[in-house]
Amino acid sequence: PLHLKESILYVLINQVKASEAVLRNAEASNLIAEMEFKIPVCATLDEVKDQAIHYLHRIIDAVESRKNNKNQRIIEMCIAYLEEHYMEDLSLEATARKFFFSPAYFSSFFKAHTSRTFTEYLLGLRMAKAKALLHEGERKVSDIALKVGFRDAGYFTRMFKRETGHSPEEFRKNVVL
C-alpha cells in the first residue's frame with residue numbers, strides 16, 4: 001500500500017510539473033503540497049483512488065481554465081487590432097499572420113470565440129463606424145466609405161443597405177429626424 005501511494009503521488013506530481021508551463025507556479029506548488037499531505041494519509045485503496053481522481057480533475061480543470069483565459073486574451077487582442085485598423089484593407093489571411101495563426105485555424109478560432117466569422121465581425125464594425133459618421137454630419141458618402149475601409153463607394157452603399165435596410169442618405173435623414 002505504501003509503494004502504491006508513493007507511485008500514485010509520483011505520477012500526480014509529474015502531471016502537475018508537466019503542466020507547469022500552463023499553471024501558475026504558486027498554483028502548482030500548492031497543489032503538490034496538498035497532494036503530498038493528502039495521498040499518504042489515505043487508509044484504503046478506495047480513498048487513494050478517489051484522491052487520485054480528485055487531483056487529476058483539478059489538474060485538468062486548472063489547465064483548461066488557463067487555456068480559456070489565454071484564448072480570451074488572444075481574442076481581445078484581435079478585436080482591439082480590428083478596432084484600430086478597421087479602416088485599412090484587412091484580410092483574414094493578413095490578420096491571421098499577425099497573430100501567428102494559419103488562416104484556416106484563425107477563422108475557426110475567431111468564430112468559436114465571437115460567434116461571428118471574421119468577415120461578419122469586420123463588416124459589423126465598419127457599419128457601426130459608418131453609422132456614427134453619418135450621424136455626425138454632412139460628410140459625403142464616398143468619404144465615409146473610404147474612412148471606414150471601403151475602397152468603392154457603390155459597394156459600400158450596397159452593403160450598408162443590405163445591413164440596415166436603408167441607403168446611407170436615407171439613414172442619415174432618418175437619424176437626423
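Me: How many salt bridges does a search of the whole structure find?

Reply: The search of this predicted model finds four salt bridges. Three of them are taken up below, one after another.

Me: What makes the pair of E34 and R58 a salt bridge?

Reply: The side chains of E34 and R58 come together with a distance of 2.7 Å from N to O. A salt bridge asks for a side-chain nitrogen of Lys or Arg within 4 Å of a carboxyl oxygen of Asp or Glu, so this pair meets the cut-off. E34 belongs to helix α2 (residues 25–38) and R58 to helix α3, so the pair ties together parts that lie 24 residues apart in sequence.

Me: Why is E34 called partly exposed, and why is R58 called partly exposed?

Reply: The relative accessible area of E34 is 26%, and that of R58 is 32%. Buried means under 20% and exposed means over 50%, with partly exposed in between, so E34 counts as partly exposed, and R58 counts as partly exposed as well.

Me: How do you know that K129 forms a salt bridge with E83?

Reply: The closest N and O atoms of K129 and E83 are 3.4 Å apart, and the cut-off is within 4 Å, so the pair counts as a salt bridge. K129 sits in helix α6 and E83 in helix α3, so that the pair links distant parts of the chain, 46 residues apart. With a relative accessible area of 27%, K129 is partly exposed, and E83, at 35%, is partly exposed too.

Me: Why does R162 count as exposed, whereas E163 counts as partly exposed?

Reply: R162 has a relative accessible area of 56%, which is over the 50% that exposed requires. E163 has a relative accessibility of 40%, and this value falls between 20% and 50%, so the word is partly exposed. The side chains of E163 and R162 meet in a salt bridge, with 2.9 Å from N to O.

Me: What makes α6 and α8 roughly perpendicular to each other?

Reply: The axes of helix α6 (residues 118–136) and helix α8 (residues 153–164) cross at roughly 95° and come within 11 Å. Angles of 65 to 115 degrees count as roughly perpendicular, and therefore α6 and α8 are described in that way. On the side of α6 the contact is made by L123, M127, A130, K131 and L134, and on the side of α8 by F156, M159, F160, R162, E163 and T164. Sorted by class, this contact of α6 with α8 has seven nonpolar, one polar and three charged residues.

Me: Why is α3 called roughly perpendicular to α5?

Reply: Helix α3 (residues 45–85) and helix α5 (residues 103–114) pack at an angle of about 100°, and their axes are 11 Å apart. This angle lies in the range of 65 to 115 degrees, which makes α3 roughly perpendicular to α5. From α3 the contact includes N71, I74, I75, C78, I79 and L82, and from α5 it includes F106, F109, F110, H113 and T114. The residues of this contact divide into eight nonpolar, three polar and no charged.

Me: How do you know that α1 is roughly parallel to α3?

Reply: The axes of helix α1 (residues 2–18) and α3 cross at roughly 0° and come within 11 Å. Angles under 35 degrees count as roughly parallel, so the pair of α1 and α3 gets that name. The contact is made by L4, K5, I8, L12, Q15 and V16 of α1 and by L45, V48, A52, Y55, L56 and I59 of α3. By class, it has ten nonpolar, one polar and one charged residues.

Me: Why is F100 called exposed, and why is S115 called exposed?

Reply: The relative accessibility of F100 is 77%, which is over 50%, so F100 counts as exposed. S115 has a relative accessible area of 60%, which is over 50%, so S115 counts as exposed. F100 is placed in the loop between α4 (92–98) and α5, while S115 is found in the loop between α5 and α6. F100 has a positive phi of about 65° although it is not a glycine, and S115 has a positive phi of about 65° without being a glycine.

Methods
Residues numbered from 1 in each chain as written. Predicted model: local features only at pLDDT ≥ 70, side-chain atom pairs only at ≥ 80, totals over all residues. Heavy atoms only, no water. Axes fitted to C-alpha atoms, helices over the stretch in contact; angles between N-to-C directions. Helix = DSSP H or I, 4+ residues; strand = E, 2+ residues; numbered from the N terminus. Parallel < 35°, antiparallel > 145°, perpendicular 65-115°, else oblique. Contact = heavy atoms within 4.5 Å. Nonpolar A, V, L, I, M, F, W, Y, C, P; charged D, E, K, R; others polar. Buried < 20%, exposed > 50% of the residue type's maximum accessible area, 1.4 Å probe, protein only.
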